[in-house]
Amino acid sequence: MLQSRIAGVGHYVPENVVTNEDLSKLMDTNDAWIQERTGIKERRWIDPKTDDTTATMGTEAARKAIKNAGITPNDVDFIIFATLSPDYYFPGPGVQVQQALGIAEIGALDVRNQCSGFIYALSIADKFIKTGTYKNVLVIGSENHSGGLDKTTRGRGVSVIFGDGAGAVLMQPTEDKNKGVLTTHLHSQGQHAKELALLGPSTSHWVDKMLAENDPEDTSYYPYMNGNFVFKHAVTRFQEVIHEALNATDLKVEDIDLLIPHQANLRISQFIQQKMQLPNEKVFNNIQKYGNTTAASIPIALSEAVEQGKLKDGDLLCLAAFGSGFTWASTLIRW
């Protein structure tokens, strides 16, 4: 059986930088409060005057990943797009990327697994490649959070955390059994779905009801997060799913050369790093400047890690995520 490997990486973030000081002008918050709780100093939010959207950002990240892999858009034979913030309720942005890149009528799949969405998408690409179904699979994570946040004091517990951006990888087959994706592990626990969710709009509360109610105090249209509850579960599930991947491959924590956790909260990443006794040089974080970009956070961080020379041939890369659903996932990749 073939192995799947990451042949190219790329990312795109809006030019508009929003600092904690900028947020203090919109809501009752301050830089010290935000940094203490999240580690975030700034994030990128789409400027409404630009043409940036979830799909266009994903397309730009994809172009870079394709170029980095040394192929052309016409070589891509499948697209997997992970997001919680599509441009349209339907269709999903996968087909928008296919059209924007000028690719013929290839398949496009959309994944709705929020913070763990990119690893879920990567695991699908891995299976398609290992079975010989496709040879060049484009995997994208992209989010436009800023368009749907409550930017008032009421929503500060969530709104200060999230940012916009996109990352992408191009997956290809390799016959080298010691390279590429070694294992993937996916989990969910739906009993806690409402602890981190956006409950409306939905088909049970659709356009007719929204127009009739016209209620400015209806917060169901904004994301809700039970922060302490999510934190407690995240630090447990992160460790579990990383060890699950290591056990499946007879590897140990000390074998990891680089851990890129989903950039949910710097305090979560630091807690995991401490528990697993990993030195600073083995953990990559960039939430400080981008915030939590959900499905885009891991591919953005991976793209930056590659740019900065953090990965060399033969390194063991671990990706892990936890988020809404609850869903969580991990993968080990031999670079």
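Across which strands does helix α11 lie? Helix α11 (residues 297-307) lies across β11 and β12 and runs at about 150° to β11.

The model is predicted: local features need pLDDT of at least 70, side-chain atom pairs count only at pLDDT 80 or more, and totals for chains, interfaces and linings use all residues. Residues are numbered from 1 along each chain as its sequence is written, and side-chain values use heavy atoms, with hydrogens and water left out.

Helices (H or I, at least four residues) and strands (E, at least two) are DSSP runs numbered from the N terminus. Strands count as paired if DSSP finds at least two bridges between them. An open sheet of four strands has the order β8-β13-β12-β11, with mixed pairing. Because β8 (180-188) and β11 (258-261) stand at the edges with a single partner strand each, one side of each is left without a neighbour in the sheet. On average, neighbouring strands are turned by 10° against each other, direction ignored. β8 and β13 (residues 327-334) run antiparallel and are joined by eight bridges; H187 has W328 in β13 as its bridge partner.

Helix α8 packs on the sheet, touching β8, β11, β12 (316-323) and β13; contact means heavy atoms within 4.5 Å. Axes are lines fitted to C-alpha atoms, for helices over the stretch in contact, and angles run from 0 to 180 degrees between N-to-C directions.

| Helix | Residues | Angle to strand |
|---|---|---|
| α8 | 227-248 | about 145° to β12 |
| α11 | 297-307 | about 150° to β11 |

Nine of the 11 residues of α11 are buried, so the helix is largely enclosed by the rest of the structure. Buried means under 20% relative accessible area, exposed over 50%, and partly exposed in between (1.4 Å probe, protein chains only). Among the buried residues of α11 are P299, L302 and E304. G309 follows α11 and has a positive phi, near 70°.
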